Amino acid sequence: MDKDYLVLKRASASRLSGEWSDDDYDVLSDGIIVGRIMKAAAAPVGQPWLWTLAYGRTKTARRSTATRRRARVAFAKSWRRE
């Protein structure tokens, strides 16, 4: 599979332990978790969606956006820059 191909998977289906909200997702590349997108309880006004790029990367990026779609786009751009 192309390493630039990212998949969003609900945390409840991706992580076996814990209780996850319907607005909590893991981001996978080639079957490996490379980040997370979630609707945060504590977030800047008008930007409830938080995305985090991490999991073994050289840098960790963390940003908030207004929508899940914008979080996905921002995550993908940051991922491809690495």
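Predicted model: local features only at pLDDT ≥ 70, side-chain atom pairs only at ≥ 80, totals over all residues.
Numbering runs from 1 along each chain as its sequence is written, and side-chain values use heavy atoms, with hydrogens and water left out.

Phe75 also belongs to the largest nonpolar core, which has eleven residues, including Tyr25, Trp49 and Trp79. Such a core joins buried (under 20% relative accessible area, 1.4 Å probe, protein chains only) Ala, Val, Leu, Ile, Met, Phe, Trp, Tyr and Cys through side-chain atoms within 4.5 Å. Two or more core residues come from each of β2 (24–29), β3 (32–39), β4 (49–53) and α2 (68–81); these are DSSP runs, with helices (H or I) of at least four residues and strands (E) of at least two.

## Asp26, tucked into β2

Asp26 sits in strand β2 and is buried, at 0% relative accessible area. Its side chain makes a polar contact of 2.8 Å with that of Ser14; the term covers N or O pairs within 3.5 Å, one able to donate a hydrogen and the other to accept it, and residues adjacent in sequence count only if both atoms are side-chain atoms. Beyond four places in sequence, Asp26 is in contact with Val7, Leu8, Lys9, Ala11, Ser14, Arg15, Ile33, Gly35 and Arg36.

Definitions and conventions. Buried < 20%, exposed > 50% of the residue type's maximum accessible area, 1.4 Å probe, protein only. Contact = heavy atoms within 4.5 Å.
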